[in-house]
Amino acid sequence: MWSAYYDANPARAWSTRLLGAFSRRAYYGPLAPFRARSIPSGALPGRRWVRVRNALAGVSDDDLNLIHLAASPRVSPMAAPRRRRTFLGREVVGEVAEIGPDVEFLRIGDRVVYQTDQCCATENVEPPCAQCAAGNYTLCENRYLPGPEPVGGGWSDEMVLHERQLFLVPDQLSDEQAALIAPTASALHAILRNQPPPGGQALVIGGGASGLLLIQALRALQPNSAITVRPTHGFQVGFATQSGATNILESEDGAAAAHISGAKYFKTRLGAELLVGGFDVVYDSLGSANSLQHALRWTREGGTVVLVGRRLAPVDADLTPLWHREITLAGVQAHGTENWPGGLGPSGWGVDGGRVSSFALAAAMLRDRRIAPERLITHRFPLREVRRAVATAQDEATHRAVKIVLDMRAMSDYAREGVQSQAQEVAG
């Protein structure tokens, strides 16, 4: 099969960092850890494993951070056991093409999306760890156990996975909607764990796909809330207002944040600033030192900062707001299982109350058009054009890119012409 993946050979990373100081093209060159080529797919490694023929996959910030070697060797996740080869693409929909003899929940022809990496369920661990028992499979305490390794990811013709790593897609969803269930589920997870009060004020820092999905999820879950967005680029303003933002924070000056939130503002000549009041909840979709600093300073007393952006790098920030104003700093890791009250919306979105999978909730809200991540797709590329897709995503301001997808389906003439024109735009 043809696949794009990350090769963890230290020599590749070292040489690419050196050459990358002179040209960004080094990250896509022949010496880079980012590889794209044909590899053996092999037989199914277990009796409950399946082979999926991919149809559509998204380009995520996690993929880009890996390709551009954004991880610092000093952060704690780098101490975890690592495989030599990491397949890219977790936002993907495909069709089951082959199943092992003991597969219970899937059949050939089912449409599925990638839901989780290894956990107790995929490793046949009984009883499951406390995190898996609570539905927090992304925090599984056994996720680093040795065992059969998945082959392929979303940026591949096909992928071979344990059946419990997959989520069965409802028939009512398009491929575009299905491929973006994962980032939608992540946005819902972030907000359901840390919601603003009814009629409260929320701020989303970052106007990329992650930030825009947070806005859509906020509007669906808290329709009476005032939602402010601090976009990264000017072209994102239109997407933000269409997604449900009510205010645009155009400046990084704390006075502008105070004006929108109704807070009092103080600033010294040395640059220290203080808001008395502020936003009830601030969602930082960027995760940079600068964005986190703003989030901490613009949150009201007793409010919450939710760190959604996952940057693998240390940050230097003024943490005094945490104790001086008793602000809560919360982190979220993708998706999991939610406490869902049920009965919200005209029909509770067809989801009963109780403990509900983030994916099931996201699929229901997509089906009922409460959230529309497919509207954020700005560029499509065939899989073999993956390097152009990555370059476009990296230079999002120039290309006005929000969400980029790789299309493995047989395209119509109209779609093919669209892809060709986008490829020419990137080349130019």
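Two residues are said to be in contact when heavy atoms of theirs lie within 4.5 Å. This is a predicted model, in which local features need pLDDT of at least 70 and side-chain atom pairs count only at pLDDT 80 or more, while totals for chains, interfaces and linings use all residues. Residues are numbered from 1 along each chain as its sequence is written, and side-chain values use heavy atoms, with hydrogens and water left out.

**The chain as a whole**

- The chain has 14 helices and 20 strands, where helices (H or I, at least four residues) and strands (E, at least two) are DSSP runs numbered from the N terminus.
- The radius of gyration of the chain is 22 Å, close to the 22 Å that the globule rule gives for 428 residues, so the chain is as compact as a globular protein of that length; the radius is taken over C-alpha atoms, and the rule is 2.2 Å times the number of residues to the power 0.38.
- Along the principal axes, the C-alpha atoms of the chain fill a box of roughly 65 × 55 × 45 Å.
- Of the 428 residues, 53% count as buried, a term that means under 20% relative accessible area, with exposed meaning over 50% and partly exposed in between (1.4 Å probe, protein chains only).
- Among contacts between residues at least 6 apart in sequence, 70% join residues at least 24 apart.

**His335**

- His335 lies in the loop between strand S16 (328–331) and strand S17 (337–340), and this residue is buried, with a relative accessible area of 7%.
- Not counting residues up to four places away in sequence, His335 touches Gln115, Tyr137, Thr138, Ala182, Ala185, Ser186, His189, Ser358 and Phe359.
- With the side chain of Tyr137, the side chain of His335 makes a polar contact (3.0 Å), that is, a pair of N or O atoms within 3.5 Å, of which, within protein, one must be able to donate a hydrogen and the other to accept it, and residues adjacent in sequence count only if both atoms are side-chain atoms.

**Asp102**

- Asp102 is placed in the loop between strand S5 (92–99) and strand S6 (111–114), and at 35% relative accessibility this residue counts as partly exposed.
- Leaving aside residues up to four places away in sequence, Asp102 touches Arg47, Arg48 and Glu163, and the side chain of Asp102 makes a polar contact with that of Arg47 (2.7 Å).
- Asp102 and Ser76 are 26 residues apart in sequence and, from C-alpha to C-alpha, 37 Å apart in space.
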